[in-house]
Amino acid sequence: MSKVIAAEYLTLDGVMENPAWTAPYFNDELGEFQGELMASCDALLLGRLTYEAFAGAWPHMPDAPGAARMNSLPKYVASRTLQTAEWNAQIIEGNVGAAVARLKREPGQNLLIYGSAQLVEYLRQHSLIDEYRLMVFPVVLGSGKRLFAEAPTNFKLKSSHTTSTGVLVLTYQPATA
């Protein structure tokens, strides 16, 4: 059985939107962490906005670290509006929760989510995310899209690490898991 892992860049105040603010803190340690994440998954699970941003960038950066893996992985895209998908992607049709539950039952490694705030919130509400890999950057923005809605959820810390640039790398799982 596969796990669904949400990997998210966050500010200290919980903002995840437009993560250009990560650049000054990104280093080889975070690159290694990202490489391990990508190696541990069989597919990406993305919301439409993240898919469109990634599909517009990654295929055009073949020499970037991780690009070969990112470009070759199958992608499942949750969208009510996309009619077609490229970049090794398939649109999830119908009930997203049922489709993700089905994907989790398939043999293999993990399904990795980057960004995709609405998808993460939907899957959290349906108890379909097994792990959250949060990279918390020492930045406060004051406003912007936040990762979690107001619905309460308890988590259990599995691991933590601090990079030399002050980024906290936290792995949580829902307390009910």
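Tutor: We will take the sheet, then a helix, then some single residues. Keep in mind that this is a predicted model.

Student: Okay, the sheet. How many strands form it, and in what order?
Tutor: Eight strands make up an open sheet. The order is E4-E3-E2-E5-E1-E6-E8-E7, with mixed pairing.

Student: Which strands stand at the edges?
Tutor: Those are E4, residues 89-92, and E7, residues 155-162. Each has a single partner strand, so one side of each has no neighbour in the sheet.

Student: By how much are neighbouring strands turned against each other?
Tutor: On average by 25°, ignoring direction.

Student: What joins E3 to E4?
Tutor: Four bridges do, and the two strands run parallel. E3 covers residues 75-78. Within this pair, Tyr76 stands opposite Gln90 of E4.

Student: Now the helix. Which strands does H1 lie across?
Tutor: H1, residues 28-39, lies across E1, E2, E5, E6, E7 and E8. Its direction is at about 165° to E6.

Student: What span should H1 have?
Tutor: H1 has 12 residues, and at 1.5 Å a residue they should span 16 Å. The end C-alpha atoms are 16 Å apart, which agrees.

Student: Which residues of H1 are buried?
Tutor: Leu30, Phe33, Gln34, Leu37 and Met38. Looking down the axis of H1, these buried residues fall within an arc of 135°, so they line one face of the helix.

Student: What covers the buried residues of H1?
Tutor: The cover includes strands E1, E2, E5, E6 and E8. Helix H3, residues 67-72, is also part of it.

Student: What happens at the start of H1?
Tutor: Asn27 has a side-chain oxygen there that reaches to within 3.1 Å of the backbone nitrogen of Glu29.

Student: Is Asn18 buried or exposed?
Tutor: Exposed, because its relative accessibility is 62%. Ser127 also has a positive phi, near 55°. Ser127 is in the loop between helix H5, residues 117-125, and E6. At 59% relative accessibility, Ser127 counts as exposed.

Student: Let's go back to the strands. Where does Thr11 lie?
Tutor: In strand E1. Thr11 has 2% relative accessibility, so it counts as buried.

Student: Which residues does Thr11 touch, leaving out those up to four places away in sequence?
Tutor: Trp21, Val136, Phe137, Val139 and Leu141. The Thr11 side chain also makes a polar contact with the side chain of Asp13, at 2.4 Å.

Student: Last one. Is Cys41 buried or exposed?
Tutor: Buried, with a relative accessible area of 1%. Cys41 is in strand E2. Beyond four places in sequence, Cys41 touches Arg69, Leu73, Gln109, Asn110 and Leu112.

Student: How far apart are Cys41 and Ala68?
Tutor: They are 27 residues apart in sequence, and 14 Å apart in space from C-alpha to C-alpha.

How values were computed: Residues are numbered from 1 along each chain as its sequence is written. This is a predicted model: local features need pLDDT of at least 70, side-chain atom pairs count only at pLDDT 80 or more; totals for chains, interfaces and linings use all residues. Side-chain values use heavy atoms; hydrogens and water are left out. Two strands pair if DSSP finds at least two bridges between them. Axes are lines fitted to C-alpha atoms, for helices over the stretch in contact, and angles run from 0 to 180 degrees between N-to-C directions. Contact means heavy atoms within 4.5 Å. The expected span of a helix is 1.5 Å times one less than its number of residues. Buried means under 20% relative accessible area, exposed over 50%, partly exposed in between (1.4 Å probe, protein chains only). The arc is that of the directions from the helix axis to the C-beta atoms. A polar contact is a pair of N or O atoms within 3.5 Å; within protein, one must be able to donate a hydrogen and the other to accept it, and residues adjacent in sequence count only if both atoms are side-chain atoms.
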